[in-house]
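Open your viewer and get ready to click along. We will go one selection at a time.

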Amino acid sequence: MAEPADKGPTPGRVSLVGAGPGDPGLLTARAMELIAEADVVFYDRLIPPGALTGARDDAELQYVGKMPGTVYNPQADINRRLVDAARAGKAVVRLKGGDPFIFGRGGEEAEELAEAGIEFEVVPGVTAAIAATATAGIPLTHRDDSAGVAFVTGHRTGEGEGAIDPDGSLARFPGTLVFYMGVKRLAENAADLIAGGRPADQPAAAIERGSTPRQRVATATLGTIAETVAREGIRPPALIVIGEVVRHHEKLAWFERRPLFGRKVVVTRAKHQAGKLAALLRGQGAEVVEMPVIEIEPLPMTSDEIGDGIDLLLDEQDGLICFTSPNAVREFFLVLYAAIQADARALAGWKVAAIGGSTARALAEHGISADVVPREAVAESLLESLRSQDLEGRKVLIPRAETAREILPEGLREMGAEVRVIPLYRTVPVTPDEATLEEAASADAITFTSASTVANLLAAVPGGLPGVAGISIGPITSGAMREAGIEVSAEAAQRDLDSLAAAVAEALGTGEEAVRR
Ligand code: SAH
């Protein structure tokens, strides 16, 4: 039976989602899942960088926060847009900083949705008070110092405007007080608490941009916190914490003591590969600017080389296949599946060589344990490792980039192998946008993970980034840097990402050696 014509679309659903305090790592798994599925995302200013990168390409991303110099989107307007989008049958995510129900007006939005009969879900987020105190090393409760915690707004509206604590009940609260939105009226609020009986010498702290690489913490007492915040130029978003627990900051300030805290580092790898290096650097406290200067472009699958390569793979039983990068592994299995719906089992009779650890790991993701992995991840070492194999007349496949060094195929041919190179992809330059370039120009260090990242950076930014320390993953990349006139401030001890991150810390004088000194 046909649907009645006037029924309209099946109503969608609204998810009120907390995005956490600003650190992308503190976005919940459920938040990421909903963002990835959403048709529309309405988001605020205080969401973590990269929070929306997991959204679908065709998702509508709508900013509904404050904008300098423009009229604030009235709440009624936001409520109406949520309802309209849901009524149009869309999967809607309303993404808010921190937790939606803690000073996020999530309560009002949920009420509006309930009244309109729209299905909704609330996904909690790590609220600023929890996150910023964790990173500032201030435990909100403590067996000796605080039996409870109160989250309070420093900026009352409506009745009682002015006095934050007219009857002294907040002043008497037996535990830690955390003020949100508390910078502007700090002097009045502190005076109010003191008037209500809270000791003026009780420790107090202000935490700006807690949990982010720009976190700043200032400590004082309730009596002096306003003057300290003004002097230090602490600005919103910031929390004010009042209580004995603030004493622990000095000992427990782990976050600001990490080697790259307060440093800005550029990652130039292709977007889909940047994640691991960016995470390593962030883990050491750095602010990371992701500025991919290359991306991987698959070659047309209809090429004869790809067709012939696949035929050979299916016909031959005891060949050798050499993978020289994780990209080659990725593209090879994509093509294998797209062309003939085959998977790792197509390699059953084949010996598999990987040039290095990250390529071997990429193979492991397909359930393949590489037979040969040389000690050093360069073509020369791979050839050395293969010398013990009898390659006379053996078929060898090398799936790889369109242009690459010829050392491996040539060396294998010299050993008597019948080598076939399968070009699967090429790296193409990407031109970063102005805003990213500006960020990068003010960075402390820039990382290069291959000679092609060097060449493409210079193509995008002629002259490179003067004053930004160049860090290289290994000798070949360093050579390319020197040739291009980029000074090599440090080179990774081993050709891997962990060593590269360590080299950044060394170059910036914050590495283990430097810290021990
Ligand atoms: N719903 C949010 C709070 C929104 S109100 C949450 O649960 O965290 C905005 C206030 O939150 C700011 O004025 C500031 O007091 C606080 N805030 C948000 N992010 C912060 C951060 N990273 N560091 C310190 N305070 C933060």
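This tour of a predicted model visits the ligand and then some salt bridges.

**Stop 1: the ligand.** Select the ligand together with its surroundings.

Stop 2: Zoom in on Ile102, where a polar backbone atom sits 2.7 Å from a nitrogen atom of the ligand. Next, pick Gly210: one of its polar backbone atoms is 2.8 Å from a ligand nitrogen. At Thr127, look at the side chain, which has an N or O atom 2.6 Å from an oxygen atom of the ligand. How much of the ligand does the protein bury? Taken alone, the ligand exposes 550 Å², and 90% of that is buried by the protein.

**Stop 3: salt bridges.** Side chains of opposite charge can pair when their charged atoms come close. The whole structure holds 27 salt bridges. Select Asp58 and Arg56, whose side chains meet at 2.9 Å, N to O. Asp58 is exposed, at 57% relative accessible area, while Arg56 is partly exposed, at 30%.

Then select Glu208 and Arg216, with their closest N and O atoms 3.2 Å apart. Is Glu208 buried or exposed? Glu208 is buried, because its relative accessible area of 10% is under 20%. Arg216 is partly exposed, at 33%.

**Last stop.** Select Arg13, Arg30, Glu33, Glu119 and Glu121 to see one network joined by salt bridges that share partners.

Terms used
Residues numbered from 1 in each chain as written. Predicted model: local features only at pLDDT ≥ 70, side-chain atom pairs only at ≥ 80, totals over all residues. Heavy atoms only, no water. Polar contact = N/O pair within 3.5 Å; in protein donor to acceptor, adjacent residues only side chain to side chain. Areas by Shrake-Rupley, 256 points an atom, 1.4 Å probe, with all protein chains shown as cover. Salt bridge = Lys/Arg side-chain N within 4 Å of Asp/Glu carboxyl O. Buried < 20%, exposed > 50% of the residue type's maximum accessible area, 1.4 Å probe, protein only.
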